[in-house]
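Let's take a walk through a protein model together, going from the overall fold down to single residues. Have your viewer open as you read.

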Amino acid sequence: MPISLIALALGGFGIGLTEFVIMGLLPEVAADFAVTPAVVGWLISGYALSVVVGALGLTAAVNRFSRKRVLVALMVLFIVGNLLSAIAPTYGIMLSGRIIAALCHGAFFGIGAVVAASLVPENKKAGAIAIMFTGLTAANVLGVPFGTLFGQAFGWRSTFWAITAIGVVALLGLVFLLPAMAPPRAGTASLRQELRAFRSPQVWLSIAVTVLGFGGMFGAFTYIAFTLTEVAGFAASMVPWLLVVFGVGLFAGNVLGGKLADRNLDASLLAFLGALTLVLVFFALTAANPIATVVSLILMGGFGFGVVPGLQMRVMRYANGATTLASGANIAAFNLGNALGAGAGGSLIASGLGYTAPIWAGAAAALVAFLVMALAAAGARRRAAASALPTDRGQHEESRSEVAARA
């Protein structure tokens, strides 16, 4: 694999760290700025909403420029946002820094996926995308727990200073490791051209699978701390290390998902979604058992994130050549799924259905995602058969003509 993929993965690591590490630092941030838990929660939800805006709006706005220059500029934006968070004198400025950093998130992964796929042969594209997302999974395995411990030991601002430094290293990697890239040809990079992607039913079906599948997993994951402590009976001090276990599953699933997607894209997605559904059902039934819970965490992370490189590749494959905005839209869909899954799970808990209710809801969403994916795969097979049919008929008629001529 090209060494330039390391630069993309490092950028993904920093962005993933920015997104998730705040969850473990909310009490310290709330105390520092003297705001309520509900208010400080906007540092998470405001970030997620900004990711969606950046994934669509910013990706569309920069589509006509060189992708290397765009990725470099996005990493500069990331550095500025985290630096602002590190020095923020007020909560409002802290929130502004989070929003600025989030705007680059969706566009970076959306454009980065297109760049990663362009650096390798056709049969390795999903694997290349998986390498870029390895940074995001590594952020969950190592960055989040250690970033939380670092912030608790030296103050939450120290974590954002560290993320800013990671952003600088990633910026240097993008500048020196990514090959030069010419801007898209005139007439191929307009917003109108990019919108062609959304004429494809397969793109919409893939995005629906993204929202449902990822929403199912993160709906269960959002409230996992309550499940671990209140249902499985783990001590609160064990939660960060159990999240590392979940992160190991994410990492393994991402790598395996990329390899299998390169072999058979639709079959791998169906296998992962079907397995995710079964794992979530198993988790909901056995959540009171600590050993079963640990097993479920690993498998939930593995099968849940195993669909990421394949779904990103699928959207790009059926985008009618207009891959950039479609790729960004799928990144937005991941975050929309996160928000919807978390909202649904919170409503179920508030209704008094208990801390396993989000897991059951996640299983239902994963099952629907599997059914939508089955529908999409069947449609793709019919389309492939129909496109081959005229050629086959033409060859048959040509053979009949040859027979008649010889007669």
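This is a predicted model: local features need pLDDT of at least 70, side-chain atom pairs count only at pLDDT 80 or more; totals for chains, interfaces and linings use all residues.

Residues are numbered from 1 along each chain as its sequence is written, and side-chain values use heavy atoms, with hydrogens and water left out.

Start with the whole chain. Its secondary structure comes to 17 helices and zero strands (DSSP runs numbered from the N terminus, with helices being H or I of at least four residues and strands E of at least two). The radius of gyration is 22 Å, close to the 22 Å that the globule rule gives for 407 residues, so the chain is as compact as a globular protein of that length; the radius is taken over C-alpha atoms, and the rule is 2.2 Å times the number of residues to the power 0.38. Along the principal axes, the C-alpha atoms fill a box of roughly 90 × 50 × 35 Å. Of the 407 residues, 53% count as buried, meaning under 20% relative accessible area, whereas exposed means over 50% and partly exposed lies in between (1.4 Å probe, protein chains only). Among contacts (heavy atoms within 4.5 Å) between residues at least 6 apart in sequence, 84% join residues at least 24 apart.

Now look at a helix pair. The axes of α10 (residues 201-222) and α16 (residues 323-350) come within 7 Å and cross at roughly 40 degrees. Those axes are lines fitted to C-alpha atoms over the stretch in contact, with angles running from 0 to 180 degrees between N-to-C directions. That angle makes α10 oblique to α16, since angles under 35 degrees count as roughly parallel, over 145 as roughly antiparallel, 65 to 115 as roughly perpendicular and the rest as oblique. Residues of α10 including I207, F214 and F218 meet a set in α16 that includes F334, L336 and L340.

Finally, two residues. W241 is found in helix α12 (residues 239-263), is partly exposed at 40% relative accessible area, and touches F146 and L149, not counting residues up to four places away in sequence. A34 lies in the loop between α2 (26-33) and α3 (37-40) and counts as exposed at 71% relative accessibility. Its phi is near 55 degrees, a positive value in a residue other than glycine. Most residues other than glycine have a negative phi.
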